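Subject: Structure handover

Hello,

Here is the structure for you to look over. My notes come after it.

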Amino acid sequence: LGTSGLVADLLVRAPEALQLLADPAAMANRDPAEVATSLRATAGRHHELGTAVTAARALRRHELFRIACADLLGLLDLDVVCAALSSVWTAVLAAALDVALRSEIERRHAQPARIAVIGMGRLGGAELGYGSDADVLFVCEPVRSSADAETEAVRFAASVAESVRNLLGSPSQDPPLVVDTGLRPEGRNGPLVRTLSSYRAYYTQWAQTWEAQALLRAVPLAGDADVGQRFVAMIDPVRYPAGGLTARQTTEIRRLKARVDAERLPRGADPTTHTKLGRGGLADVEWTIQLLQLQHAHELPVLRTPSTTTALRAAAEAGLLAQADAKTLLAAWQLATKTRNVLTLVRGKQVDQLPSSGRELAAVARALGRSADDDPGEVLDEYRRTTRRARAVVERSFGA
């Protein structure tokens with residue numbers, strides 16, 4: 001409580017969760033599948049939409065407290081923390097979809113479409129942090145074949161998708177859960193939901209290289225499993241293009257990355273300690289391994305994974321990265337992810353910038369496992385040293 005603003009806020013809203021601290025084994029070893037089943041079942045017992053999602057969010061609050069405490073106490077590894085946070089988000093998303101779908105079917109007395117939710121970004125890679133949004137795509141398939149079936153299906157599915165976004169993003173005693181659909185075709189100007197055939201037509205004719213890159217972490221998460229799997233099968237030729245990338249496409253990715261480096265870092269941010277967009281941080285490592293995936297996954301199935309860490313290890317095993325370089329990138333990605341999580345735990349909200357000094361840096365150092373007698377400045381030194389080495393690998397590998 002003295003270290004984490006997030007834990008304190010969660011405990012105020014869910015004081016009954018305090019009993020978890022009496023049983024460290026139970027706190028650290030809860031099965032994510034059990035959590036997901038319990039959460040969806042709890043939401044399903046409520047007929048009214050708002051009440052159902054409120055119940056799901058209450059269970060999420062309880063689960064976030066458990067994960068955060070186990071994390072701060074050193075009972076969970078980083079990959080387990082990220083997977084657990086991703087699993088909870090997925091369960092809440094699935095529960096919201098369940099109740100929104102049920103409500104829309106009852107309202108219309110019909111179900112014109114089957115719907116799947118595709119996880120993207122960190123959600124798709126099971127790499128969420130404490131303050132991460134959920135990047136998703138909504139895809140539907142008409143239940144019947146007729147001239148107007150597709151239009152009716154899209155209208156039905158769009159209503160369900162809007163309900164999910166509104167229910168999770170509505171104000172409550174918890175921070176809103178943001179369902180971000182900005183990675184969909186045509187971005188925020190495109191339709192919220194498309195059919196499988198519409199996605200296929202778009203990706204076949206209009207997909208840009210960055211969209212193929214975004215699809216590397218696309219994973220079916222909720223809704224109709226068959227529709228989700230068919231979507232993944234449909235996008236495989238897009239994200240694992242036969243023959244890899246052309247020279248023009250490779251140059252395009254490098255130019256886009258240069259723009260991100262030049263324009264996305266917040267004004268006044270320190271590029272040596274910004275965990276997401278700083279030198280050697282999350283974006284640097286992820287763009288590097290994703291370029292290798294786009295270039296080689298068509299011939300190396302081991303690279304076909306939404307996980308950054310798995311892809312890095314696979315690239316090293318395949319000889320695309322030197323073992324030492326892969327180890328350097330992995331260490332930087334893990335440190336940046338851990339630090340970003342700790343910053344959110346300490347501040348109680350999503351933060352990407354390491355503080356340069358003061359009480360906040362001391363709290364971050366404690367949450368990262370340093371003792372009270374250690375100099376908090378050592379955290380900055382280690383972070384800069386680790387990410388500086390990663391940046392050298394990125395410049396050598398990504399820009400080659």
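Predicted model: local features only at pLDDT ≥ 70, side-chain atom pairs only at ≥ 80, totals over all residues.

Residues are numbered from 1 along each chain as its sequence is written, and side-chain values use heavy atoms, with hydrogens and water left out.

Helix α10

Helices here are DSSP runs of H or I, at least four residues, and strands are E runs of at least two, numbered from the N terminus. D224 caps its N-terminal end: a side-chain oxygen lies 3.1 Å from the backbone nitrogen of D226.

Buried residues of α10 include F231, M234 and I235. Buried means under 20% relative accessible area (1.4 Å probe, protein chains only). The buried residues of α10 pack against β1, β2, α8, α9, β5 and α12.

T195

T195 sits in strand β4, residues 193–195. T195 counts as buried because its relative accessibility is 1%. Its contacts (heavy atoms within 4.5 Å) beyond four places in sequence are V139, C140, P142, E150 and V154.

R60

R60 belongs to helix α4, residues 49–72. R60 is also buried, at 12% relative accessible area. Leaving out residues up to four places away in sequence, R60 touches L39, V88, V92 and L177.

Best wishes

Notes. Buried < 20%, exposed > 50% of the residue type's maximum accessible area, 1.4 Å probe, protein only. Polar contact = N/O pair within 3.5 Å; in protein donor to acceptor, adjacent residues only side chain to side chain.
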